[in-house]
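Please open the model in your viewer and keep the sequence panel beside it. The stops below are arranged so that each selection leads on to another.

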Amino acid sequence: MLDKFLNLFKSIEQKKEYKLVLSLDGGGVRGLATVMFLKELEKASGKKIFDLFDFFIGTSTGGLNAMHLVVNEVEVSELESFWSQDNLAMSMQSSFWTKNFLLTTKPKYNNNSKTELLEKYFGNKLISDSKKPIAVLAYDVENRKPRILSSYTDQDIKVTSAINATSAAPLYYPTVQIEDGSWLIDGSVVSNNPCLIGYNEARKYFKTDNIKVFSVGTGRHLKNLDGEDSSKWGPYGWLTNDIIGILLDSHADHEILDDLIGKDYLRINSVAENINWNLDDYTEDNLRNIRNLGLKWWELNNNKVTDFLSL
């Protein structure tokens with residue numbers, strides 16, 4: 001009798017129709033590791049990432065990658081070419097910056113050349129033009145609350161505006177005003193890993209609890225901080241000891257979602273060895289190490305991934 005019950009339960013589980021969510025972390029230039037991992041997944045599956053998943057969400061650089069894959073429906077090899085040193089240099093044109101944080105009065109980079117680069121790839125497309133649901137996370141500084149920009153709720157928001165907003169990292173880029181008048185900054189201040197938000201959005205969008213979430217990170221930091229020393233830090237001390245990295249490295253959403261759905265959630269990430277933790281280091285050596293990180297993720301996790309996605 002027990003065997004019959006277990007077989008019946010297994011049969012019911014197999015017949016469930018799951019909606020697959022792809023969740024992509026923020027992390028500046030380390031988003032290239034995500035690209036390399038997804039490139040291997042695309043080769044192994046024989047399908048475009050666009051076709052493998054039903055719902056897409058990203059924060060910051062993860063939002064940028066998701067927009068390329070979903071709105072433009074590109075293959076990952078084409079997305080990889082976007083991450084050239086020339087393009088990265090164009091997206092990081094200096095405004096005014098000084099090594100003395102206390103004398104810094106403007107963001108490190110301006111948005112002009114970055115917007116010009118994005119318009120080259122997306123033109124005047126709206127996020128509502130997407131053929132599949134996609135969302136990116138930002139933060140509304142005037143209303144002091146998270147803002148989800150999505151293809152299914154925002155009809156008149158340009159893709160370039162959404163990308164600029166979700167990637168407007170404080171200190172690095174200026175606050176962005178989008179088409180509806182809202183002033184937004186990088187969603188990483190809310191959640192760098194948007195897996196939990198993606199799960200909830202997909203659950204509401206598809207009106208089902210049969211949701212599986214596949215989350216890809218951008219590497220975890222190795223640096224240990226001295227607790228006693230940190231008690232004496234002011235703005236300069238926290239900045240030089242990577243307060244931005246601390247915010248990006250939060251595991252709360254990951255742990256909550258893992259508790260909620262367990263086997264229906266898979267996270268790919270690891271310590272980022274030999275990689276500069278600064279979000280904007282696009283030197284050749286650093287980019288090579290970031291690429292190798294993404295390839296290593298695939299090498300270590302490909303069997304787990306193919307089982308999870310039923311490839």
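This is a predicted model: local features need pLDDT of at least 70, side-chain atom pairs count only at pLDDT 80 or more; totals for chains, interfaces and linings use all residues.

**Stop one: a serine in a loop**

Select Ser 60, which lies in the loop between β2 (55-59) and α4; helices (H or I, at least four residues) and strands (E, at least two) are DSSP runs, numbered from the N terminus. Ser 60 has a positive phi of about 55° although it is not a glycine, and its relative accessible area of 7% makes it buried, a word that stands for under 20% relative accessible area, with exposed meaning over 50% and partly exposed in between (1.4 Å probe, protein chains only).

Residues are numbered from 1 along each chain as its sequence is written, and side-chain values use heavy atoms, with hydrogens and water left out.

**Stop two: the whole chain**

Show the protein chain as a cartoon, where the secondary structure comes to 14 helices and eight strands. Of its 311 residues, 49% are buried. Among contacts (heavy atoms within 4.5 Å) with a separation of 6 or more, 73% are between residues 24 or more positions apart.

**Stop three: the nonpolar cores**

Which members of the largest nonpolar core touch the most other members? Select Leu 38, Leu 41, Ile 49, Phe 53, Met 67 and Phe 214, which hold that position among the 66 residues of this core; a nonpolar core is a set of buried Ala, Val, Leu, Ile, Met, Phe, Trp, Tyr and Cys residues joined through side-chain atoms within 4.5 Å. Centre the view on Ile 49, which, leaving aside its neighbours within four places in sequence, is in contact with Leu 22, Leu 38, Leu 41, Glu 42, Phe 56, Leu 69 and Val 76. A second, separate core has 15 residues, including Cys 195, Tyr 199, Ile 211 and Val 213.

Select residues 159-166, helix α8, where eight of the eight residues are buried, so the helix is largely enclosed by the rest of the structure.

Now display helix α9 (residues 195-206) together with helix α13 (residues 252-261), which pack at an angle of about 45° with their axes 8 Å apart. Here the axes are lines fitted to C-alpha atoms, for helices over the stretch in contact, and angles run from 0 to 180 degrees between N-to-C directions. The contact is made by Cys 195, Leu 196 and Tyr 199 of α9 and by Asp 253, His 254, Ile 256, Leu 257, Leu 260 and Ile 261 of α13.

**Stop five: salt bridges**

A salt bridge is a side-chain nitrogen of Lys or Arg within 4 Å of a carboxyl oxygen of Asp or Glu, and by this rule the count comes to 11. Select Asp 25 and Arg 267, whose side chains meet in a salt bridge (2.7 Å, N to O). This pair links distant parts of the chain, 242 residues apart, with Asp 25 in the loop between β1 (19-24) and α2 (31-45) and Arg 267 in strand β8 (residues 265-268).

Move on to Lys 131 and Glu 73, whose side chains meet in a salt bridge at 3.5 Å, N to O. Lys 131 lies in the loop between α7 (112-122) and β3 (134-140) and Glu 73 in the loop between α4 (61-70) and α5 (76-82), so the pair ties together parts that are 58 residues apart in sequence. Lys 131 counts as exposed at 67% relative accessibility, and Glu 73 as partly exposed at 22%.

**Last stop: an aspartate in a loop**

Finish at Asp 280, in the loop between β8 and α14 (284-308), which counts as buried at 11% relative accessibility. Not counting residues up to four places away in sequence, Asp 280 touches Val 29, Met 92, Lys 108, Tyr 109 and Tyr 172. Asp 280 and Tyr 172 are 108 residues apart in sequence and 8.8 Å apart in space, C-alpha to C-alpha.
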